[in-house]
Amino acid sequence: MAHIEEVDGSSFEARVTQSPIPVLVDFTAVWCPPCRAIAPHLEAAAERFAGRAKVVKVDADSNPELLTRY
């Protein structure tokens with residue numbers, strides 16, 4: 001089973017921008033109903049593309065600088 005990795009400002013560059021494979025970044029928040037609704041679909045994508053692409057999530061509330069930049 002694939003895993004959606006949580007990244008933050010300190011790990012974003014290494015895990016996302018320097019990744020050798022494509023990365024789908026989900027900017028999410030715990031209070032966001034649409035974010036919760038899409039979560040199972042992101043899990044399915046992470047599993048389907050494991051090894052060829054990865055899915056990561058960023059807590060938008062804790063990482064506003066990443067949200068603004070990307």
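Three strands line up as an open sheet in the order 1-3-2, and the pairing is parallel. Strand 1 (5–7) and strand 2 (23–28) sit at the edges, each pairing on one side only. Going from one strand to the next, the twist averages 35°. Keep in mind that this is a predicted model.

Now for the pairings themselves. Strand 1 is joined to strand 3 (residues 54–59) by 3 bridges, and the two run parallel. On that side, Glu 5 stands opposite Val 56 of strand 3. Strand 2 and strand 3 also pair in the parallel sense, over 6 bridges.

Helix 2 (residues 33–48) lies across strand 2 and strand 3, and runs at about 160° to strand 2.

## Lys 57 in strand 3

Lys 57 has its place in strand 3. Is this residue buried, exposed or partly exposed? Lys 57 counts as partly exposed because its relative accessible area is 31%, which falls between the 20% and 50% cut-offs.

Setting aside residues up to four places away in sequence, Lys 57 touches Ile 4, Glu 5, Glu 6, Val 7, Asp 26 and Thr 28.

## The nonpolar core

Which residues make up the largest nonpolar core? It has 6 of them: Val 7, Phe 12, Val 16, Val 56, Val 58 and Leu 66. Helix 1 (12–17) and strand 3 each supply at least two residues of this core. In soluble globular proteins, nonpolar side chains tend to be buried together.

Apart from its neighbours within four places in sequence, Val 16 is in contact with Val 7, Val 23, Val 25 and Val 56. Val 7 and Val 56 are members of the core too.

Two residues are worth a look in the loop between strand 3 and helix 3 (64–69), and Asn 63 is one of them. Why does Asn 63 count as buried? Its relative accessibility is 6%, and the cut-off for buried is under 20%. Leaving out neighbours within four places in sequence, Asn 63 is in contact with Val 7, Asp 8, Gly 9 and Val 58. Val 7 and Val 58 belong to the core described above.

Ala 60 is found in that loop between strand 3 and helix 3 as well. Ala 60 is buried, because its relative accessible area is 13%. Not counting residues up to four places away in sequence, Ala 60 touches Thr 28 and Leu 67. Ala 60 and Asp 8 are 52 residues apart in sequence, yet 9.2 Å apart in space, C-alpha to C-alpha.

## The cysteines

How many disulfides does the model have? The count comes to 0, with the rule asking for a pair of cysteine sulfur atoms within 2.5 Å. Cys 32 is buried, with a relative accessible area of 12%. Cys 35 is buried too, with a relative accessible area of 12%.

Note on methods
Residues numbered from 1 in each chain as written. Predicted model: local features only at pLDDT ≥ 70, side-chain atom pairs only at ≥ 80, totals over all residues. Heavy atoms only, no water. Buried < 20%, exposed > 50% of the residue type's maximum accessible area, 1.4 Å probe, protein only. Pairing = 2+ DSSP bridges. Helix = DSSP H or I, 4+ residues; strand = E, 2+ residues; numbered from the N terminus. Axes fitted to C-alpha atoms, helices over the stretch in contact; angles between N-to-C directions. Contact = heavy atoms within 4.5 Å. Core = buried A, V, L, I, M, F, W, Y, C linked by side-chain atoms within 4.5 Å.
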